[in-house]
Amino acid sequence: MDILIADRDVVLLDTMKRYFSRIGHCVETAACGIDCLEILESWHPDVLVLDDELLWGGSHGVLQEMRKAADLHQIPVVMISDLDKWENGEAFPPLAGCFSKPFRLQSLHDQICSLQTSARTHN
């Protein structure tokens with residue numbers, strides 16, 4: 001599975017990249033909103049893991065640009081944030097999941113795998 005992880009915490013970003021790569025996923029990372037959007041211009045991952053407080057454009061900026069591009073709003077987004085903030089459904093593309101820091105990497109992996117399973121059953 002192709003995963004783009006965008007997080008302002010470079011230590012956590014590196015930890016997540018090593019974890020998901022080690023278990024067989026293709027992982028790209030971005031430490032700011034601008035880098036995230038640049039990667040999305042040329043590579044469409046199966047899922048985007050997005051830090052709510054991403055620097056330079058933030059998660060809102062990334063989501064706004066994804067909303068404008070027909071080929072990007074199909075990408076499921078798993079938000080790393082305060083759960084209460086995103087449960088009201090204001091995000092578009094719709095969020096496929098939401099995690100509060102700190103979280104277990106295995107729980108995030110389980111959520112990502114459930115997206116892959118869901119996509120196969122709908123195709």
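Two strands are said to pair if DSSP finds at least two bridges between them, and strands (E, at least two residues) and helices (H or I, at least four) are DSSP runs numbered from the N terminus. In β3, the bridge partner of Leu 4 is Leu 48. This is a predicted model, in which local features need pLDDT of at least 70, side-chain atom pairs count only at pLDDT 80 or more, and totals for chains, interfaces and linings use all residues. Residues are numbered from 1 along each chain as its sequence is written, and side-chain values use heavy atoms, with hydrogens and water left out.

**Strand pairing and burial**

- Strand β1 (residues 2-6) pairs with β3 in the parallel sense over 4 bridges.
- β3 also pairs with β4 in the parallel sense, again over 4 bridges.
- Leu 48, the partner of Leu 4, has Val 77 as its bridge partner in β4, while Leu 50 stands opposite Met 79 in β4.
- Because 5 of the 5 residues of β3 are buried, this strand is largely enclosed by the rest of the structure; buried means under 20% relative accessible area, exposed over 50%, and partly exposed in between (1.4 Å probe, protein chains only).
- β3 is covered on both faces, with Val 47, Val 49 and Asp 51 buried on one side and Leu 48 and Leu 50 buried on the other.
- Strand β4 (residues 77-80) likewise has both faces covered: Val 77 and Met 79 are buried on one side, Val 78 and Ile 80 on the other.

**Aromatic pairs**

- The structure holds 2 aromatic pairs; rings of Phe, Tyr and Trp (its six-membered ring) pair if their centres lie within 6.5 Å, and planes under 30 degrees apart count as stacked, over 60 as edge-to-face and the rest as tilted.
- Tyr 19 and Phe 20 form an edge-to-face pair, at 5.2 Å centre to centre and 85 degrees between the planes; Tyr 19 and Phe 20 are both buried.
- The ring centres of Phe 99 and Phe 103 are 5.9 Å apart and their planes stand at 55 degrees, so this pair is tilted.
- Phe 99 counts as buried at 14% relative accessibility, and Phe 103 counts as buried at 17%.

**Cis peptide bond**

- Most peptide bonds are trans.
- The bond from Lys 101 to Pro 102 is cis, with omega near -5 degrees.
- Pro 102 lies in the loop between β5 (95-99) and α5 (105-122).

**Cysteines**

- The count of disulfides, defined as pairs of cysteine sulfur atoms within 2.5 Å, comes to 0.
- The sulfur of Cys 36 has its closest cysteine sulfur in Cys 32, at 8.6 Å, which is too far for a bond.
- Cys 36 is buried at 0% relative accessibility, whereas Cys 113 is partly exposed with a relative accessible area of 25%.

- Ile 34, Leu 55 and Trp 56 make a nonpolar surface patch of about 350 Å²; patches are made of residues with over 30% relative accessible area and no salt bridge, with like charges joined within 9 Å and nonpolar side chains (Val, Leu, Ile, Met, Phe, Trp, Tyr) within 5 Å.
- A salt bridge is a side-chain nitrogen of Lys or Arg within 4 Å of a carboxyl oxygen of Asp or Glu, and accessible areas come from the Shrake-Rupley method with a 1.4 Å probe, only the protein chains shown counting as cover for residues.
- Leu 55 is found in the loop between β3 (47-51) and α3 (58-68) and is partly exposed, with a relative accessible area of 46%.
- Thr 15 lies in helix α1 (residues 10-22) and is partly exposed, with a relative accessible area of 29%.
- The C-alpha atoms of Thr 15 and Leu 105 are separated by 9.2 Å, although these residues are 90 residues apart along the chain.
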